[in-house]
Protein chains: 2
Amino acid sequence: VLTESELIAFISRGRAGAPARKGDLGIGDDCAVLKVGARSLLVTVDLMAEGVHFDLAYTPPYLLGRKAVAASLSDIAAMGGTPRGVFVSAALPAKTKPAFARALVEGIHEEARAAGAAVLGGDTSSSMHRIFLDVVAIGEASRRGPILRRGARAGDAIYVSGTLGASARGLELLRKGFRPWSRRLWSRSLLVRGREADRRRDELVAALAHLLPRPRLALGRALGVQGLPSAMIDVSDGLAIDLHRLCDASRVGASIELARIPVDSAAAAGRPGRAPALALGGGEDYELLFTAPARAERRLMAIAERLREPLARIGRITPARRGVVLVDGSGRRRPLPRAGFEHFRSATRTT
Amino acid sequence: VLTESELIAFISRGRAGAPARKGDLGIGDDCAVLKVGARSLLVTVDLMAEGVHFDLAYTPPYLLGRKAVAASLSDIAAMGGTPRGVFVSAALPAKTKPAFARALVEGIHEEARAAGAAVLGGDTSSSMHRIFLDVVAIGEASRRGPILRRGARAGDAIYVSGTLGASARGLELLRKGFRPWSRRLWSRSLLVRGREADRRRDELVAALAHLLPRPRLALGRALGVQGLPSAMIDVSDGLAIDLHRLCDASRVGASIELARIPVDSAAAAGRPGRAPALALGGGEDYELLFTAPARAERRLMAIAERLREPLARIGRITPARRGVVLVDGSGRRRPLPRAGFEHFRSATRTT
C-alpha cells in the first residue's frame, strides 16, 4: 500500500504514464530532458502556493512574480542550460485588485526579460481563496548536453557559488515583521552609524535575498558550455539537503568542511552562532552546487572571475560507503544530516 | 490604463518578457511552438481549479485526473501534433485522503499512457482549501509543421469531428444531481424499456462525455502528418466561440449551416429544442474544428473512415467582411454570436 506522500511523489517523479522515450529523462533532476534531434531541451515546473511558499504580508506582488519565475530559471541554470521561454499559470482570487495583478505580471515579465526568456503562454483561473502560481521554464542544454545530478565521481572537488544563508535569515526577519520598504526604517537608518548601521544594512540585504533571489544563469550557462562540472544542482532547499540529493543521484559520498562554507555576512551579522545553521539548512539561496575533477579548477576559477561570481571549494566527493560528512572547525567528522534549518539550529548551536 | 482582465490575459498571451525567438510562436494558438533544429515542439498549459472548472460533488478523482490531462492533450491534437510528455502540478489540501490522491494519480497516468505520453515531472504543494491542477503537455508537430489557427482562406470548407453538445448536457445533468455511478440508477435501468431506457442511456452517455472526454489525438496526428487542414482548433469553449477564434486568427469570415452541425443524440434526446444551443454554445466537447481546401475532401474522408472518426462539413470560409454567419433551417442568415450556451439557449429556443 502506498502512502499519500509516495502517491504525490508519483506525480512529480514520472514513474508511469507511457515509458519516457530513449534519451529522455523525467526523474530526479532539476529539469526533465527531452531529446529533440541533436539538442536537449530542459523543462522544469515550480508551483508556489500562497500560505505555503509565500505570505502576502511581506511579499509585494512585483517581487512575487519575479521570484516565481526566478525559482524555475534556477533549475535551468542547474543543468548548465540557457532559458528560452516561460509559461505561467496563475489562479487569483476574484477580489484581487488590478494594481496587484499588474505588479505581479510586471514582475513575471521583468524576470523573464532579464533572463532572455520569452513569456510564451500560460493559463489563468479565478481561485476561491488563495493565489497559486505554477511556472514552467523551458531551456536548451549546451551542445555538450545537460549537466545532471548523477555524474559526480569520488575524488571530484565540490564547489558552491555565491554565499549562503542570507535568504533564510531574511525569511526570519520578514516573519518577525521586518519590512524593508518601511519608510520609518529608511529614515531612521540615515541617522545611525557604526554597528547599528551595519546591522540595518545586513537586515535589508537578507530580506532582499529572500524576496528577490538571483538565479545564477550566467554561471550555469558558462559551466554548461565548457562542460566542466561532473554534476550540478541548485541550492533551493539548503546546502545539506541538496548535497545529499546530488550524492544520492551520483551514488557517492562527500566530505565538506564547515569552515569553507561561504556564509553570507548578512546571515552572520548580529548572531554569528546561528550563521552555519542558516548556511547549511536555510533554503532558497538559488546558488549552484557542483562537482568537478581537480584538473578543472583553473578553468572554473577563470569563469568565476570573468563573471564576478564568487566560487568556493567546500569539500570532496568520496566513495558512497563513506556517507556524506561534515568536518567542523576542530576537525571532528560527523554525518551531515539530511535536514533543514530547524535541525541545524539546535545541532550547530555554539553558544 | 489596463483592466484586470487585460493584465491577466498578458500572462497567458506572452506579449512581454524577452521577444520570442524567430520561428517561435507564443500568442493565440492552442499551443506555443518552439523551433528546435528542424523540429517544432508544441507546449500547452491548462489550469483547472476546484469550484471553477470542476466540482468534486460529481467528479470522481480518477476521472478528474484523466480529464485534466485530456484537456491539455487535446491542444496538441489541435496542432496536428503527437503528445510526448506531460508535467502535472497539483496543490492538494492537507485533508486529502490517500485513496483520493491515489485515484487522481492513476487517472493522470492512465490518460497519459493511453496517449503514448510519459509523465515527465511536475510539482506538488499543499493547498489551504481547494485543489488546483496545472497540466503541461509537450508534443511534436509533424514534419510538415504545426497546423495553426491562422491559415484558413476564403473558399475553404469547415469541418468538425465527432458530435457536439453531449458534454454540456452532461454537465447540466450532473449539476442537477444525476450520478452515473449511482447503484439505484443502474438497477432501475435494467427494468425499463423503450423511450425511458433510451433516455437513461442518453443521460449516461452525456454525463460520461463530460467526465471522460476523448481528445481526438489519432485524428489530429493523421491530419498533421498529411498536412491537410489549413487551420485547426479544438472545441473547448463551444463551436461558436472557437469558430470565431479561428476566424479572428485567420482574418476571415465563415458561414455555417445549423442543419449540418453534428448534434450528439445524447444532447438532443428528451429536449430536442435545446440541442442546437448545446451544440453551438456548450463547451468541453474536445472535438477538432478545422478548415481545408475543397480538393482535400476525399483524402480527409478517407482518414476519417480509417480512424472511424465521424467528420462533418458544416460550412465554408468567407472573406472577413462577411463576418461569421449561421444559416438556419429556413435559410435565414444571421451573425453567429461569440457566446456560450446561456446565450444560445434563449436565441435558438424553438418551443
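How many nonpolar, polar and charged residues does the lining of the second largest cavity have?

## Basis

This is a predicted model, in which local features need pLDDT of at least 70 and side-chain atom pairs count only at pLDDT 80 or more, while totals for chains, interfaces and linings use all residues. Residues are numbered from 1 along each chain as its sequence is written, chains are lettered from A and ligands numbered from 1 in the order written, and side-chain values use heavy atoms, without hydrogens and water.

## Second largest cavity

The lining has 10 nonpolar, two polar and two charged residues (Ala, Val, Leu, Ile, Met, Phe, Trp, Tyr, Cys and Pro count as nonpolar; Asp, Glu, Lys and Arg as charged; the others, Gly among them, as polar). Of these 14 residues, Leu47(A), Asp134(A), Leu47(B), Phe132(B) and Asp134(B) lie nearest the centre of the cavity. A cavity is a set of points on a 1 Å grid over the protein atoms alone where a 1.4 Å probe fits but cannot get out, and lining residues have an atom within 4 Å of a point.

## Salt bridges

Over all chains there are 40 salt bridges (a side-chain nitrogen of Lys or Arg within 4 Å of a carboxyl oxygen of Asp or Glu). One of them joins Glu309(A) to Arg216(A), 3.2 Å from N to O. Both Glu309(A) and Arg216(A) are buried (under 20% relative accessible area, with exposed over 50% and partly exposed in between; 1.4 Å probe, protein chains only).

In chain B, Arg216(B) and Glu309(B) also meet in a salt bridge of 3.2 Å, N to O. Arg216(B) and Glu309(B) are both buried. A network of salt bridges links Asp29(A), Asp30(A) and Arg149(A).

Conventions: 1 Å grid on protein atoms, 1.4 Å probe; cavity = no way out; pocket = protein on both sides within 12 Å on 5 of 7 lines; lining within 4 Å.
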